[in-house]
Amino acid sequence: MQHSKPQAQPQAPTVFVVDDDEAVRNSIRFLLRSVGIATRPLSSAAEFLAGYSPYQPGCLVLDVRMPAMSGLELQQQLNLRGATIPVIFITGHGDIPMAVEAMQQGAFDFLQKPFRDQDLIDRIQKALAKDAQVRTALREQDRIQARFDSLTPREREVLGLMAKGMPNKVMAAELGLSQRTVEIHRARVMEKSGATSLAHLVRMYMDLERAAP
Amino acid sequence: MQSGVSDEAAPGGLVGRMLHVSRLATLGEMAAGVAHELNQPLTAIANYAQACDRLLEQPAVDLQDLRTALREITDQAVRAGQIIRRLRVLARSNDMHRATTDVNDMVNEVAALARADAGIHNVRLALQLADDLPPVAVDPVQIQHVILNLVRNALEALDADAAGNRVVTLSTSAAGDAVEVAVLDNGPGVAADVRDLIFDPFFSTREYGTGLGLPISNTIVRAHGGSLGYRANSPRGACFFIHIPCQPVT
């Protein structure tokens, strides 16, 4: 398995604000700046997608109703790309059914315009916390994946049988190896994976299997 | 090259142009724009005002920042005022240009305008026009907007039904001292639990509905001294009707 991902740098989180209305966009930037939150205002979904990087931590404050690509369509695009960035929708009066659909598609939250500043700030802080949590979990998963990737094909075979709880003797017969050789492979698997016990090893293995696309 | 007849269906042709007009002219859509537009300056004003409040909490207040925000608030309030002025022009009843009008002529024109749209929705548009109706004194453009809006609602209501037997009927009849124009469809009808809500502003059963089409239609019909109502169609479907009093032009 190739793991040429650039090591995620601990970048400062960015709050992206996507709204086609310049006044709304600028007012949100102004409001958030007054509480020390930096934003990147963008006027369209296309502009956001053009600069989007999955390695950029942050959250997205997104207007539902926009010409060309709507907020909902942008959310669908992001979902298709497997993006994890939390999305806070801001909606007008007639847009509640759209907001419901957005929530069903995994939006982090939604706010009706006009909104209380504290409501927006609270939601942004929660969204940033969620994003950081997801990124930590993904990094941990990448780290474990890298360790498992360093196993030789034979060691991987042994790992699979260990996860099934197969005793050494049976495994040796199964693989046509001596029991002594199986023991050596087992030790290498434990060492390379960094597992502290067989249970730990199996748990990591299962987690990776589950996360595999 | 085919004969010139098919050119009518091209986007720039007669049908295409009429379709475009009917879309733009639909009251619900005009109202959607207005409601959405008004919400934008209100949002900006609320954000700037709340930001000012926060800035004033800080030990060293940046007056330039405050001034920027206050000017934005003024600009956005002016913008909101302009939008409201447009809305008032739209709904003002003394802007009405009443004329003695034949109801059937009016309905025929709406049907011509809606026919292409009906085709797109796979709906057959039928007419049941009563003879010998008295003339009414109305602004025909405004009343036609109302009827067109009802027809478009009916067309969309049928989208969920299987294609093949979708029918929207435009009917006219005498109703006491009034003339009734009714738009009937054979779709699912209006569910009992929302029947009392459909004339409320911002209520909509459609995903992208604004909830303003019927309230504004209602306003227009009332300004003419008439009424807008709903009854279930038989055996199934919805019937929206307007009653316009027969009265001479004063």
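The questions and answers below concern a predicted model of a complex and go through its chain contact, a helix pair and its confidence values.

Me: Which helix of chain A gives the most to the side of chain A that touches chain B?
Reply: The contact between the chains takes 18 residues from chain A and 25 residues from chain B. On the chain A side, helix 1 (22-34) and helix 4 (96-104) each supply at least two residues, and the residues of that side divide into nine nonpolar, five polar and four charged. The helix that gives the most, with seven residues, is helix 1 of chain A.

Me: How are helix 5 and helix 9 of chain A oriented, roughly parallel or roughly perpendicular?
Reply: The axes of helix 5 (residues 117-149) and helix 9 (residues 198-211) of chain A come within 10 Å and cross at roughly 105 degrees. Angles of 65 to 115 degrees count as roughly perpendicular, so helix 5 of chain A is, relative to helix 9 of chain A, roughly perpendicular.

Me: What average pLDDT does chain B have?
Reply: In chain B, the pLDDT is below 50 over residues 1-11 and stays under 50 over residues 16-25. Of the residues of chain B, 78% score at least 70, and the average pLDDT is 81.

How values were computed
Residues numbered from 1 in each chain as written. Chains lettered and ligands numbered in written order. Predicted model: local features only at pLDDT ≥ 70, side-chain atom pairs only at ≥ 80, totals over all residues. Contact = placed C-beta atoms within 7 Å. Helix = DSSP H or I, 4+ residues; strand = E, 2+ residues; numbered from the N terminus. Nonpolar A, V, L, I, M, F, W, Y, C, P; charged D, E, K, R; others polar. Axes fitted to C-alpha atoms, helices over the stretch in contact; angles between N-to-C directions. Parallel < 35°, antiparallel > 145°, perpendicular 65-115°, else oblique. pLDDT = per-residue confidence, 0-100.
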